[in-house]
Amino acid sequence: MDHVAVVRAYYSALDEHDYPALSDHLAPTFVHDRPDRTLDGRETFVSFMRDERPNKRTSHELDEVYENGDGSELVVRGRLLGVDGERLFEFVDVHRFEGDVVAELRTFARDD
């Protein structure tokens, strides 16, 4: 699977609450650095998304996906939408790959 497809599958797994599929796209040492916290380790991240995420009734609308020259990083610009389609915030995610899985994700968000 190419990296763009992996990233699209990542967001789809989050939106569909398919946590085994989500886990499959992440390295065991996966780290998610986001404005409110850092989640260290694939199992910690998946557990948070499954059990502790404040709002699970959301969807990701992707506007742009940019790939660097060697494909080791992808930058995604999009919006997180609530259950009724309202925009909760805009985000930029930087996915860093190791092989075919995401090893690191840095999220930048804007809610205004």
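The points below go from the overall fold to two local spots.

1. A word on the basis: this is a predicted model, where local features need pLDDT of at least 70 and side-chain atom pairs count only at pLDDT 80 or more, while totals for chains, interfaces and linings use all residues. Residues are numbered from 1 along each chain as its sequence is written, and side-chain values use heavy atoms, with hydrogens and water left out.

2. The protein has three helices and six strands, with helices (H or I, at least four residues) and strands (E, at least two) taken as DSSP runs numbered from the N terminus. Along the sequence they follow the pattern α-α-β-β-α-β-β-β-β. The radius of gyration is 13 Å, close to the 13 Å from the globule rule for 112 residues, so the protein is as compact as a globular protein of that length. Here the radius is taken over C-alpha atoms, and the rule is 2.2 Å times the number of residues to the power 0.38.

3. The C-alpha trace spans about 35 × 30 × 25 Å along its principal axes. Of the 112 residues, 37% count as buried (under 20% relative accessible area; exposed is over 50%, partly exposed in between; 1.4 Å probe, protein chains only).

4. Have a look at His17, in the loop between helix 1 (3-16) and helix 2 (19-24). His17 is not a glycine, yet its phi is positive, about 60°. Most residues other than glycine have a negative phi. His17 is partly exposed, at 35% relative accessibility.

5. Asp70 sits in the loop between strand 3 (59-67) and strand 4 (73-81), and is exposed with a relative accessible area of 61%.
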